[in-house]
Amino acid sequence: MDAIPLALDGYLAADPVPGDRDGTVCWRLSCSAGTDHMVEEAVIPCTTMEPEIVHAMLTERQPGDLLRVTGHLTLPDTADGVIRLHADTLEVLWEAPLLDAEAAEEDEGGGDTATVTGAEADRNSAIAALAEALTGLGHQAVPGPGQSVRLHISPTGALGTGLEHCHSIDLTPARAHQLADAIDALNCQLDHDRPDGGVVLDRLTVADLTDLFDGIDLLDLTRTVLNATRPENRPAVTRAMDDMFGDAPAPDDTDR
């Protein structure tokens, strides 16, 4: 059966291993394809004889890396055979972060299992909700060839396991702009409602206030304030105005 040209994006499911033949390497690529109703998961076995790819897979890549593999897919001649993607090129779309030493020690030590499990459940639920929302947004308008914006969502840390929580979603540029606008609006709302009680002013309000203060004549303001102040209180008032405005200008004369 003829090999089928194919390009796949997916996460490296486990550490690559040398192949049965010298100069080859084998690995498994975890791929997902979103539909309107579900996310289909597939694990595709891959292999290659390309020296550069063999070296990269055995020495540089780690589980959780997001890869784009292009090559030819061979289908089995029998029902119990195995499909396999023979890779011609390899592109690293995203590198999984290394698990730091402290996190590894905590994992080995066990830690608070209930807390860790609960936190992971919350994280995974959030990832699933976000992926479902973005998938729905993406299917409202199908990107054209070469015009898509691809978003990758995954847990942080080493991704040797839990690859079912990794998603790739394609959006049209127009949908990506709409998403960016919605996020900006959400950020403004969150800033407005932040618990520290701070007030976030919009740009027009800030401009109006700037024009107001720029229009203040400090000399006239100082004269008016001092004229309304009893003589014995004027030194203290002058110091207060200096603290507020800097060195307040002294009027030539004031009403006595």
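**Close-ups of a predicted protein chain**

**Figure 1. The whole chain, before we zoom in.** Buried residues, meaning those under 20% relative accessible area (1.4 Å probe, protein chains only), make up 25% of the 256 residues in the protein chain. Exposed means over 50%, and partly exposed is in between. This is a predicted model, so local features need pLDDT of at least 70 and side-chain atom pairs count only at pLDDT 80 or more, while totals for chains, interfaces and linings use all residues. Residues are numbered from 1 along each chain as its sequence is written, and side-chain values use heavy atoms, with hydrogens and water left out. The chain has 7 helices and 8 strands; these are DSSP runs numbered from the N terminus, with helices (H or I) of at least four residues and strands (E) of at least two.

Figure 2. pLDDT is the predictor's confidence in each residue, from 0 to 100. Its mean over the chain is 76, and 70% of the residues reach 70 or more. Over residues 34-39 it stays under 50, and the model has 10 contacts there beyond four places in sequence. A contact means heavy atoms within 4.5 Å. Residues 100-106 also stay under 50, with 2 such contacts.

Figure 3. W27 is found in strand β3 (residues 25-34) and counts as buried because its relative accessibility is 3%. Leaving aside neighbours within four places in sequence, its contacts include L12, I44, M57, V69 and A87. W27 and L85 are 58 residues apart in sequence, yet their C-alpha atoms are 9.9 Å apart in space. A nonpolar core is a set of buried Ala, Val, Leu, Ile, Met, Phe, Trp, Tyr and Cys residues joined through side-chain atoms within 4.5 Å. In the largest one, of 16 residues, W27, L29, M57, V69 and L85 touch the most other members. Strand β3 gives the most to this core, with 4 residues. Apart from it lies another core of 7 residues, among them A131, L137, I153 and I169.

Figure 4. L209, L212, F213, I216 and L218 make a nonpolar surface patch of about 430 Å². Patches are made of residues with over 30% relative accessible area and no salt bridge; like charges are joined within 9 Å, and nonpolar side chains (Val, Leu, Ile, Met, Phe, Trp, Tyr) within 5 Å. The areas come from the Shrake-Rupley method with a 1.4 Å probe, and for residues only the protein chains shown count as cover. Helix α5 (residues 203-214) gives the most to the patch, with 3 residues. I216 lies in the loop between α5 and α6 (218-227) and is partly exposed, at 34% relative accessible area.

Figure 5. A salt bridge is a side-chain nitrogen of Lys or Arg within 4 Å of a carboxyl oxygen of Asp or Glu, and the structure holds 6 of them. D65 pairs with R61, with the closest N and O atoms 2.7 Å apart, and both residues are buried. These two belong to a network of salt bridges that links E60, R61, D65 and E95. E91 and R68 also meet in a salt bridge (3.9 Å, N to O). E91 lies in strand β6 and R68 in strand β5, so this pair ties together parts 23 residues apart in sequence. Out on the surface, E232 and R230 are both exposed, and their side chains meet at 2.7 Å, N to O.
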